[in-house]
Amino acid sequence: MLDRTGFRLLGDSHRTLERDGVHHDLHRTYFHLPLEEDLPETWTHFETMPSGGGASILFRFFWIDIALARARLDLGSGEMLDRLPQIGRYDLVLVESADDQSAYHRIRRTVLFEARGRFDYTPDGPEEIKEQNLSLIFKLGSEPIGTVRLDQRPGGRAIVRLVAIATDVQRRGHGAVLLQHIERLALSLGIRELLVHSAPDAVGFYRKSGFERFDFEGGDFNSVQLHKIID
């Protein structure tokens with residue numbers, strides 16, 4: 001179960017150790033934190049208040065392959081690797097089951113409407129049932145964490161609508177991964193241009209994924225129109 005910070009508890013270990021003639025009982029707690037953004041290969045950090053006192057301690061960090069980690073981690077730490085969730089568990093699927101439909105509307109209603117002070121959400125509007133409009137739910141493992149609708153248009157275009165990430169897992173990179181999955185799906189359908197009506201405060205999010213300002217539809221919209229050519 002993920003807590004509010006994104007950390008997933010893996011478990012505890014208890015070990016005994018004798019060092020310099022002194023017996024130590026070690027109790028360690030292990031967590032898993034999913035990371036989505038690009039990270040450096042190495043980095044450093046100072047422990048400014050060592051438990052034993054004295055000067056700050058410099059730690060140098062680096063990544064290692066999970067198979068190598070299993071062999072190198074000491075004092076039972078490698079055992080916790082078996083408790084890690086599977087990697088690459090994102091799925092973007094059509095909303096078909098009753099459970100997925102319930103989650104789809106719940107996420108959209110709470111994130112896109114109620115969080116913005118609107119309480120006029122309609123779950124089964126006419127655009128939702130058009131065959132060319134694909135209602136999609138984004139999952140991490142079996143947990144629904146986001147929604148999007150892909151409205152297909154003639155000429156290899158599609159409008160990306162109603163992108164939402166569940167409130168309790170926002171700002172962890174899931175939205176960027178969702179857009180990557182949308183692009184893959186669009187390409188498989190022969191779509192080469194994605195269009196979006198963005199809320200003004202979400203323009204930066206789309207720009208980071210390669211979208212640019214582009215007016216594709218006339219009308220009185222309270223949105224910023226953007227597009228992206230994909231290949």
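1. Which backbone atom lies 3.4 Å from a polar atom of the side chain of S198? In this predicted model, the backbone nitrogen of V203 is the atom in question, at 3.4 Å from that side chain.

2. S198 belongs to strand β9, which covers residues 193–198, and its relative accessibility is 1%, so the residue counts as buried, the cut-off being under 20%. Apart from neighbours within four places in sequence, the residues in contact with S198 are V203, Y206, S223, V224 and L226.

3. Strand β11 spans residues 224–229 and is joined to β9 by 6 bridges, the two strands running antiparallel.

4. Both strands are part of an open sheet of 7 strands with mixed pairing, in the order β5-β6-β7-β8-β9-β11-β10. At its edges stand β5 (90–94) and β10 (212–213), and because each has a single partner strand, one side of each is left without a neighbour in the sheet. Helix α2 (residues 98–113) packs on this sheet, where it touches β5, β6, β7 and β8, and its direction makes about 85 degrees with that of β7.

5. Y206, already named as a contact of S198, is among the residues with the most contacts inside the largest nonpolar core, a set of 36 residues; F138, V148, L150, I182 and L194 are listed with it. Leaving aside neighbours within four places in sequence, Y206 is in contact with V163, L179, V196, S198, F211 and L226.

Notes: Residues are numbered from 1 along each chain as its sequence is written. This is a predicted model: local features need pLDDT of at least 70, side-chain atom pairs count only at pLDDT 80 or more; totals for chains, interfaces and linings use all residues. Side-chain values use heavy atoms; hydrogens and water are left out. Helices (H or I, at least four residues) and strands (E, at least two) are DSSP runs, numbered from the N terminus. Buried means under 20% relative accessible area, exposed over 50%, partly exposed in between (1.4 Å probe, protein chains only). A polar contact is a pair of N or O atoms within 3.5 Å; within protein, one must be able to donate a hydrogen and the other to accept it, and residues adjacent in sequence count only if both atoms are side-chain atoms. Contact means heavy atoms within 4.5 Å. Two strands pair if DSSP finds at least two bridges between them. Axes are lines fitted to C-alpha atoms, for helices over the stretch in contact, and angles run from 0 to 180 degrees between N-to-C directions. A nonpolar core is a set of buried Ala, Val, Leu, Ile, Met, Phe, Trp, Tyr and Cys residues joined through side-chain atoms within 4.5 Å.
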